[in-house]
Amino acid sequence: MINTFLFLLCFFVSHPNQAQNSEKPNIVFIFADDLGFADLGFTGSDSHLTPHLDKLAKESVYFDNAYSSHPTCLPSRLSLMTGKYPARIGAVSHGKFGGVTSGDNSLPWSEVTIAQALKNGGYYTGHIGKWHIGKGDNNPHTRGFDEDIASNEFCCPGNYFYPFESHQEWQKEMSKVPDLEDHKPGDHLTDALGEEAVKFISKQSNKKPFFLNLSFYAVHTPLAANKEKIEKYKALINENTRQNNAVYAGLVEHLDDAVGNVLKALKEYGFDNNTVVIFTSDNGGEITNNITDNYPLRAGKGSSYEGGIRVPLLVKWPGVTPKGRVSNERIIGLDYYPTLLSISGVKGDANHNKHIDGLNFSGLLKNPNKKLKKRDLHWLKYISLIHLKYPVADRNRCVETVISGDWKLMQFFQMPDNYPGHFELYNLKEDPSETTNLANKFPNMVDKLSKSMRDWEKEVDAPLYDMEKFYGSTQP
């Protein structure tokens, strides 16, 4: 008995955090940037090596029908912070669009963020990495995070290598990543953010639960990876691999390494048995310039086809989620807010909660075979006025989308380069790659889903499309 007591005493002295008995679980939310549905080993990549995330998948519930709230990152991140459709808060594109969005699409001050809700509920909160939804005083520290590390106001890293700033003068200042001054030449930004997350975890104690929002800049352009990783993938890639960008593959591995270090730290510091880990991406993978391939999904980032909005999603909740299970239910980015409130047992702000669009899917974590209540999912994407030309690619088209059951309807709006307004209808169950437009074959379904679009627009008070108002002319 005495020997057992001495062993336990020595163990907890050397592992002080192991004794955490908080009723509320810690939460680590890991948000990748532009990571595609098929970019990971367990999701079907034919060249990317992601052993840490593959291992996490074996310990988690994997949602194979997870969606981002928008095909681009800024509106998607607003949705994560608020639990609302981006269109409800006026965010339908990057930047101000024809005067119809809320300023520069910054996070409105009227919104109660998930960080504020959790902080008010007793959590210690930290944000590390990309922010991109506010400027100046509208930053993580003022929006509910006790700690704000390495966030800036820019869309992407200026450079993945120290000193983590752009070589282009016009974006040098805005792209700087602060708080990493102790790093040295050759250090990679993704590795550095993982190290900062480890430091954050190491400082936590059993006094209160913590929420860490780890928002990587990877795998957003400009692509960069260590030479050793690039050379490794050059050797692995061949004429038969769909994903054949060695630099991108190396950057994906940097991301996987960083996630692995975070998971290792949770175990080392005694938090792994009481920490919910969520891993996902803000939108689909970027396919321009042969960056990646979202096969079998069509298109990529910026597009409202499946390749632009489908994302990987893993949730590990020790003692709750069964290992290695798959849920086929559709989850969308606005669902995280109510789900995190449920997981944490935090009530949140009653007035804010009245207007949340997301559903709590925590029940699926306990039983992946359960079903969510039936609902239609909606997306509204207008392009920014910074795009002065209108190429045929879907990513630069204005489109509204609804998914209802097996059916997906896309309404493409007329644009001033003589691009005609039209509908596209797909049966996702029979045609997940969206190869056959069935709009002419099933006009009644087009009418039904069009009504769903109009009803939703009214419900969320969505910015309505007006070509002349937005573009000033009907001429190219």
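1. Two strands are taken to pair if DSSP finds at least two bridges between them; strands (E, at least two residues) and helices (H or I, at least four) are DSSP runs, numbered from the N terminus. In these terms, Thr280 stands opposite Leu313 in β8. The strands β7 and β8 run antiparallel and are joined by 4 bridges.

2. The model is predicted: local features need pLDDT of at least 70, side-chain atom pairs count only at pLDDT 80 or more, and totals for chains, interfaces and linings use all residues. Residues are numbered from 1 along each chain as its sequence is written, and side-chain values use heavy atoms, with hydrogens and water left out.

3. The chain has a mean pLDDT (the predictor's confidence in each residue, from 0 to 100) of 90, and 90% of its residues reach 70 or more. Over residues 1–21, pLDDT stays under 50, and the model has 21 contacts (heavy atoms within 4.5 Å) beyond four places in sequence for them. Residues 385–389 also stay under 50, with 6 such contacts. Where pLDDT is low, the predicted coordinates should not be read in detail.

4. Strand β8 (residues 313–316) is covered on both faces: Leu313 and Val315 on one side, and Leu314 and Lys316 on the other, are all buried (under 20% relative accessible area, against over 50% for exposed and in between for partly exposed; 1.4 Å probe, protein chains only). Strand β2 (residues 61–63) runs antiparallel to β8 and is joined to β8 by 2 bridges. Val61 has Val315 as its bridge partner in β8.

5. A search of the whole structure finds 3 cavities of 30 Å³ or more. A cavity is a set of points, on a 1 Å grid over the protein atoms alone, where a 1.4 Å probe fits but cannot get out; lining residues have an atom within 4 Å of a point. Grid points are joined across faces, edges and corners, and a volume is the space filled by probe spheres set on the points.

6. The largest cavity holds about 70 Å³ of space. Its lining includes Phe31, Arg77, Leu80, His127, Trp131 and Asn213. Helix α3 (73–82) and strand β6 (210–215) each supply at least two lining residues, and α3 gives the largest share, 3 residues.

7. The second largest cavity has a volume of about 40 Å³. Among the residues that line this cavity are Phe31, Leu80, Thr280 and Tyr336. The elements giving two or more residues to this lining are α3 and β7 (275–281).

Methods. On a 1 Å grid over the protein atoms alone, a cavity is a set of points where a 1.4 Å probe fits but cannot get out, and a pocket is an open set with protein on both sides within 12 Å along at least five of seven lines; lining residues have an atom within 4 Å of a point.
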